[in-house]
Amino acid sequence: MKDIKRIDIHAHVTAFPEYAPPFKWGGRFCSGEEVIKIYDEINVEKGVLLPISAAEGQLTPMTSEAIKYVADKYPDRFLWFCNVDPRAMQNDDKTDFGEILSFYKNMGAKGIGEITCQIYADDPKLDNLYSYAEELDLPVLIHISPKFDFGYGIVDELGLPRIESMLKKHPNLKLIGHSQCFWSEISGDNTDEIRNTYPKGRVSDGRIAHLLREYPNLYCDLSAGSGANAMMRDPDYCYRFFEEFSDRILYGCDICATTNTHQYEFSDFLDKMMAEKAVSEGTYKKIVRDNAVSLLKL
């Protein structure tokens, strides 16, 4: 479907690749130019650059200002989210984030994220940030972790009860779910042992389907190995999932390193899906492009 250009909801770059430290597993964060080269190979028109403000799990946190700088260099290829750690400034649940978030929104930020700090998914400080995001109509993209002192990401238990409480409390908050702990919940046989991995095998309706049916303010980010695996592990379920929830699924890549290849495998899966007419063209277009246009008011 080369005539339908994709929008990547989940992109990361370094503004200064010459200063970026290498990852121990190889590669480093991509520059804007390197991401654009990949985009040209997988039919992506634009990507949403996500800063990472929390220290957890990061060699080099990315500031909103640096991400805005890259987006401004390539306005035809990048959009951007701002990011504010919910512990910032006063480190309590009464911090006024209205001024800083309004400032970023007026500068062109389309949302907030990726939220990766290690606090509970319903922590009062995060609840407070959600209130401002809801008021300003800024979507929030979250990374979910299984426990504390475990890399990065907001913490929730099996079944995502804390995420559900926030969806219920903030009905006008547009929350975008992401990570292994989110996507493992696609299947009803999820367990504590496998929830932060890339489970294999057939899928039966899990918590994600339940939450999507119950809460119209939940969206799904297909990026990274987690989103790709959730779809490719059971293509028949994937096609049904795509059709039922076609309005709230967002294509993404999450290219973090110059050595990443998962984006190519998932792109090939989507191309094959369309070649075989496994889903409708309308559904495909919503997922890879139109939902992002609508959500971000492009």
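The model is a predicted one, and it holds three cavities of 30 Å³ or more.

**Largest cavity**
- The lining consists of Gln180, Trp183, Ser184, Thr197, Tyr198, Pro199, Ser226, Asn229, Ala230 and Arg233.
- Two helices, H6 (180-183) and H8 (224-232), contribute at least two lining residues each.
- H8 gives the largest share of this lining, with three residues.
- By class, five of the lining residues are polar, four are nonpolar and one is charged.

**Second largest cavity**
- The volume of the second largest cavity is about 40 Å³.
- Around the second largest cavity stand Ala224, Ala228, Tyr251, Gly252, Cys253, His262, Gln263 and Phe266.
- H8 also takes part here: H8 and helix H10 (262-275) each provide at least two residues of the lining of the second largest cavity.
- H10 accounts for the largest share of that lining, three residues.
- The lining of the second largest cavity has no charged residues; five are nonpolar and three are polar.

**Surface patch**
- Phe16, Tyr19 and Tyr69 form a nonpolar surface patch of about 390 Å².
- Tyr69 is classed as partly exposed because its relative accessibility is 44%, between the limits of 20% for buried and 50% for exposed.

Key:
Residues numbered from 1 in each chain as written. Predicted model: local features only at pLDDT ≥ 70, side-chain atom pairs only at ≥ 80, totals over all residues. Heavy atoms only, no water. Patch = residues over 30% accessible without salt bridge, like charges linked within 9 Å, V, L, I, M, F, W, Y side chains within 5 Å. Areas by Shrake-Rupley, 256 points an atom, 1.4 Å probe, with all protein chains shown as cover. Salt bridge = Lys/Arg side-chain N within 4 Å of Asp/Glu carboxyl O. Buried < 20%, exposed > 50% of the residue type's maximum accessible area, 1.4 Å probe, protein only. 1 Å grid on protein atoms, 1.4 Å probe; cavity = no way out; pocket = protein on both sides within 12 Å on 5 of 7 lines; lining within 4 Å. Points joined across faces, edges and corners; volume = space filled by probe spheres on them. Helix = DSSP H or I, 4+ residues; strand = E, 2+ residues; numbered from the N terminus. Nonpolar A, V, L, I, M, F, W, Y, C, P; charged D, E, K, R; others polar.
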